[in-house]
Each structure stands twice: as structure tokens, then as C-alpha cells.
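The following paragraphs walk through one protein model, moving from individual residues to the chain as a whole. Please keep the sequence and the structure in view while reading.

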Amino acid sequence: MQISSVAVFCGSRFGSRPEYAAQARALGGALGHAGIRLVYGGGHVGLMGTVADAALAAGGAVTGIIPAFLHSREIMHEGVTDLTVTEGMHDRKARMFALSDAFVVMPGGLGTFDETIEIMTWRQLRQHDEPIYIVNIAGWADSLLAMIEGCIADGFAAPAVRDLFAVVPDVPALMAALEALPAQAGARDTVATL
């Protein structure tokens, strides 16, 4: 596999369906077994904690990045391989971006949507060309995808924005997509300015 690290955006809650936590566990385990470092928001609660715990249990490396003000709210995960405390959300996202070869969006709420739209925007603006995958477990991302389609229909986005990301139904499909990626030609040069 050419990918060495993956940023995962997901909820600090479990959501209303058991499939969400099951797929978070599957993702953490799959990344750990594949030797792919998990880069995530540093929390020990919800799907965030589930994917981190599963990666660690599978022998994987986990980098958590959490803003100081979320230390108690998201219950900082003290058991990860590396833990960075940032000053704020912007620092957190820039650090996650700098450390990741690909981006994976799992079920989540407003914070997950924020991270997803920002990383898509950065790709649209050619700040990176790393792949972005939305894992549409049980159709949870249908409303997000409909919003993007609405932007295209209303003339606020070009149809080409559909090429900024790929949608997969579950973790096995995600891992197959990651395995199929070609070797990346060199590292990003733009991250130092973010």
C-alpha cells in the first residue's frame, strides 16, 4: 500500500445506528493491520475514540491532535502513540492536513462537515491532491452529498467538484480503494504556508 497515513474525520458521538461504531472499529482495525498511521482529532469519546482504540488494538500507530479547549470536552486520548495539543481548531486541521496522505470521512456532525468541506475546498484550490473518501455507511452522508449537488444545480459550484472526492459504502470498499492508489509522486510543498 502506498498510503502511510490517513486522516479520519468522524463524530465525537456514536450516532443513532450501531453500524457507525461497528464500521469505526473495522476502520481502526484495518488501518492498524495494514500499517497505516491513523491521524485523527485526539478524542477518546464517540466514533473518534472507537477508531483510535481499534487501531491501537491492531498494533497500529495513532496520532491524535486536539485543541487545548477540547481537552475535557472530547476527553483527550492519553493512550495514543503521539498526542499533540494545539492552540485552536485551525492549528489542529492544518497539522492533520500536513501529516496525512489521504482523508477519510466517517459519520459525524457539524465538526465532521466542517473538516470535510474545508479539505475539499483546499483540494479545489489546488493546495493538495490527496484523495478524499466519504464512507457512506447506511446512507448517513446522503444529505451532505445532496447539499453538494444542490450547489452544483444552483450554479455555485462546477460539476467538476464531484471529482474532488469519492464515495464508498463501507470500510472494505475504502481499504480496496486505498490499496488501488498509485504511488504518490513527492510530498506536498504547500503545507508550510497553512
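A residue is called buried when its relative accessible area is under 20%, exposed when it is over 50%, and partly exposed in between. The model examined here is predicted, and by that criterion Arg126 is exposed, because its relative accessible area is 73%. Arg126 is found in the loop between α4 (110-124) and β6 (132-135), and its phi is near 65°, a positive value in a residue other than glycine. Most residues other than glycine have a negative phi.

A further case of positive phi occurs at Ala138, where the angle is near 50° and the residue is again not a glycine. Ala138 is placed in the loop between β6 and α5 (142-153), and with a relative accessible area of 43% it counts as partly exposed, since that value falls between the two cut-offs.

Gln23, which lies in helix α1 (residues 18-34), has a relative accessibility of 18% and therefore counts as buried. Which residues is Gln23 in contact with, once its neighbours within four places in sequence are left aside? They are Met106, Ile137, Asp170, Val171 and Pro172.

Burial can also be followed along an entire element, as in strand β1 (residues 5-9), where five of the five residues are buried, so that the strand is largely enclosed by the rest of the structure. In a regular strand the side chains alternate between the two faces of the sheet. In β1, Ser5, Ala7 and Phe9 point one way while Val6 and Val8 point the other way, and all of them are buried. β1 pairs with strand β2 (residues 37-40) in the parallel sense over three bridges, and the bridge partner of Ser5 in β2 is Arg37.

For the protein as a whole, the elements comprise six helices and seven strands, which run from the N terminus in the order β-α-β-α-β-β-α-β-α-β-α-β-α. Of the contacts with a separation of 6 or more, 72% are made by residues 24 or more positions apart, and 48% of the 194 residues count as buried. Because a compact globule of 194 residues would have a radius of gyration near 16 Å, the 16 Å of the protein agrees with that expectation, and its C-alpha atoms fill a box of roughly 45 × 40 × 35 Å along the principal axes.

The protein exposes about 9,100 Å², of which carbon and sulfur atoms supply 55%.

Notes
Residues numbered from 1 in each chain as written. Predicted model: local features only at pLDDT ≥ 70, side-chain atom pairs only at ≥ 80, totals over all residues. Heavy atoms only, no water. Helix = DSSP H or I, 4+ residues; strand = E, 2+ residues; numbered from the N terminus. Rg over C-alpha atoms; globule rule 2.2 N^0.38 Å. Buried < 20%, exposed > 50% of the residue type's maximum accessible area, 1.4 Å probe, protein only. Contact = heavy atoms within 4.5 Å. Areas by Shrake-Rupley, 256 points an atom, 1.4 Å probe, with all protein chains shown as cover. Pairing = 2+ DSSP bridges.
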